[in-house]
Amino acid sequence: MEAINIHEAKTRLSQLVARAAEGEGFIIAKAGKPMARVTAIDSPASGQQKRLGFLAGQFKIPNDFDRMGQEEIAEMFGG
């Protein structure tokens, strides 16, 4: 996430708010110290972001997944 100093944030507020509304969050810093995080109002809170398992049930992994292409790989490495 990009850090922007507070003076620049004051100068470019409308541009930064437009970027945040498009999903591009940023951090406002004062003297290099992060002070506030700005994100879109409809973005999920950091503790609510769902990462693992978000595609559960959407596709099936073959049973031989760990052996797929085994012969071709062995040939590439001279085996």
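**View 1. F54 lies in the loop between β3 (33-38) and α3 (70-76).** The model is predicted, local features need pLDDT of at least 70, side-chain atom pairs count only at pLDDT 80 or more, and totals for chains, interfaces and linings use all residues. Residues are numbered from 1 along each chain as its sequence is written, and side-chain values use heavy atoms, with hydrogens and water left out. Helices (H or I, at least four residues) and strands (E, at least two) are DSSP runs numbered from the N terminus. F54 counts as exposed because its relative accessibility is 55%, where exposed means over 50%, buried under 20% and partly exposed in between (1.4 Å probe, protein chains only).

**View 2. Strand β2 pairs with β1 and with β3.** Two strands pair if DSSP finds at least two bridges between them. Strand β1 (residues 2-5) runs parallel to β2 over four bridges, with N5 opposite A29, whereas β2 and β3 are antiparallel and are joined by five bridges, with K30 opposite K33. Four of the five residues of β2 (residues 26-30) are buried. Two residues lie between the strands in the hairpin of β2 and β3, where A31 takes a positive phi near 55°.

**View 3. Helix α2 (residues 13-21) has L16, R19 and A20 buried.** These residues lie on the same side of α2, because they cover an arc of only 100° around the axis (taken from the directions from the helix axis to the C-beta atoms). S14 and A21, on the other side of α2, are exposed. After α2 comes G23, with a positive phi near 105°.
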